[in-house]
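Here are my notes on the model you sent. Please read them with the structure open.

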Amino acid sequence: ACSDPIRTLTTAADGTVSEMFEPGIYYAAETDDVHGRFADEYWLMDETVQQFEIKAGQDTAVTFTNTHYGKAKIIKLMPTGGSTAGWGFEVRRVSDNELIGTFTTGYDGTITTERLEPGEYIVTEIIPEGSYYKNESSASQRVTVAAGETVEVTMTNVLIPGAITIHKVNHEGTP
């Protein structure tokens, strides 16, 4: 569990640190970042505890991999009236069409996804059957998520115009 530390090591700018230890079995865990990146919403720290053995006269390598993510913020607009809350969207990765998640707008008409791997995604609005609204542009939009950033995508819906037909007749029912 790495609950009894021997010492704390800090990596250099190139991500490495070297230290001499007596031969034996050791455990290592990443604990913190002097730059505060693990408090950053875009970074995910490698939380594994790694066992390794130091042998006399041999170098041993231990690798921790941290992941830098991005996010997507979906903004729902309704310029012709109506509530922006409660609208559904799905997010799919472009490379393999994998469904990343289905999301619903909050009271403010927005959604911010959890961490997404950097890459391209398709955001698609799920318009309910029989809705009086249509998407003003395309119901699907392609976005590129970059590490350490939140990309914004705006979906705008408008009321579908209605029609009226007037048929005028006289008192005898004749047009």
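**Notes on the model**

1. Proline 118 lies in the loop between strand S8 (110-112) and S9; strands (E, at least two residues) are DSSP runs, numbered from the N terminus. Proline 118 is partly exposed, because its relative accessibility is 45% (buried is under 20% relative accessible area, exposed over 50%, partly exposed in between; 1.4 Å probe, protein chains only). Beyond its neighbours within four places in sequence, proline 118 contacts His68, Tyr69, Val145 and Ala147 (contact: heavy atoms within 4.5 Å). Its C-alpha atom is 23 Å from that of serine 138, 20 residues apart along the chain.

2. On sources: this is a predicted model, where local features need pLDDT of at least 70, side-chain atom pairs count only at pLDDT 80 or more, and totals for chains, interfaces and linings use all residues. Residues are numbered from 1 along each chain as its sequence is written, and side-chain values use heavy atoms, leaving out hydrogens and water.

3. The largest nonpolar core has 16 residues (buried Ala, Val, Leu, Ile, Met, Phe, Trp, Tyr and Cys joined through side-chain atoms within 4.5 Å). Ile74, Phe89, Val91, Tyr121 and Val123 touch the most other members. Strands S5 (71-77), S6 (88-93), S9 (119-126), S11 (140-145) and S12 (150-159) each supply at least two core residues.

4. Threonine 156 sits in strand S12. Threonine 156 is buried, because its relative accessible area is 14%. Setting aside neighbours within four places in sequence, its contacts include Leu77, Pro79 and Lys134.

Definitions and conventions. Helix = DSSP H or I, 4+ residues; strand = E, 2+ residues; numbered from the N terminus.
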